[in-house]
Amino acid sequence: MSEHDTDTPLPREAPTDTRALWISDPRWEGDPDFAHGMTTRHFPPSAMTFEERISAIRVGLGMTDAVSVLMDQVHGARVAWVGERSRQRAENQVIRLPDTDAVITNQPGLLLHVSTADCVPILAIDRTRRIIGAAHAGWRGTVSKIAAKLMREMNRRGADLERTEVWLGPSIGFCCYEVGEDVLKRFKAINNWWPAIHLTKRRIDLALVNRLQIARSGVPPDSITSSRLCTHCRSDLLFSHRAEPTNPSRMLAVIGLRPQS
Ligand SMILES: [Zn+2]
């Protein structure tokens, strides 16, 4: 695919390719039941409005008619459900969810989006029950256990957590995420901090804390994968708020059930 042509299928994860437009979980690539992935800093390859950008994602995923679900992400722990009725409230193929950091649906043709630049994007699916979820976990969401809440709500909506699969997209790594004493204290106060905290260097493994929450919720550890890419180390490929504090740009992670044929 040409880097300047977004009307063809999106490219696969290529961590060594510094110009990759799209990252995905190799385990889920080409799955006929659902679409997923995450944009890099190079997507879109040309100037686009936000609306054009989410439209290009729909086209790239082969889901031109899909409705994009956008959360306003307030670093909280509210999990929203989007069912048939909320779907009917879509305007211009978009549903906006105020005061929300996690969302669940069983509706095909909905694309759940998470926007990040260092925070952890979490995508989840129980493909048997056809229930998907997405969450945004920064440090505040992580200490509020947003990942555990997402799993609990997915389970309440019918997902079997033993069959649920989860992907954590690129986020700031243990290598780079140094925090202040206050934040460190908040992490020490939640139960599952070890070995995700380096006490002397005051660093936190944000993705690992979320993985532990998800595993303790009942998802088999083997069913949870996370990207090895650190947004801060790989600011050539990804957006990092820490690396570029004045850059408001964000990456967009996405998951959506394809309609069943
Ligand atoms: Zn790093």
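**Overall make-up**

How many helices and strands are there in the protein? There are six helices and 14 strands, where helices (H or I, at least four residues) and strands (E, at least two) are DSSP runs numbered from the N terminus. This is a predicted model, in which local features need pLDDT of at least 70 and side-chain atom pairs count only at pLDDT 80 or more, while totals for chains, interfaces and linings use all residues. Residues are numbered from 1 along each chain as its sequence is written.

Along its principal axes, the C-alpha trace spans about 50 × 40 × 30 Å.

**Burial and helix H4**

Of the 261 residues, 46% are buried, a residue being buried if 20 or more other C-beta atoms, placed from the backbone, lie within 10 Å of its own, exposed if 12 or fewer, and partly exposed in between. In helix H4, which covers residues 146-156, the buried residues include Ile146, Ala147, Ala148 and Leu150, together with Met151, Glu153 and Met154.

The elements that cover these buried residues of H4 include strands E4 (79-82), E6 (102-105), E8 (120-126) and E9 (131-137), as well as helices H3 (139-143) and H6 (206-217). After H4 comes Gly158, whose phi is positive, near 115°.

**How H4 meets H6**

Two packed helices are described by the angle between their axes and the distance between the axes. For H4 and H6, the axes come within 8 Å and cross at roughly 30°, the axes being lines fitted to C-alpha atoms over the stretch in contact, with angles from 0 to 180 degrees between N-to-C directions. H4 and H6 are therefore roughly parallel to each other, because angles under 35 degrees count as roughly parallel.

On the H4 side, Ala147, Ala148, Met151 and Arg152 meet Asn210, Gln213, Ile214 and Ser217 of H6, contact here requiring C-beta atoms, placed from the backbone, within 7 Å.

**Leu212 in H6**

Leu212 lies in helix H6. Why does Leu212 count as buried? Leu212 counts as buried because it has 22 C-beta neighbours inside 10 Å. The C-alpha atom of Leu212 is separated by 32 Å from that of Thr246, 34 residues apart along the chain.

Key:
Two residues are in contact if their C-beta atoms, placed from the backbone, lie within 7 Å. Angles under 35 degrees count as roughly parallel, over 145 as roughly antiparallel, 65 to 115 as roughly perpendicular and the rest as oblique.
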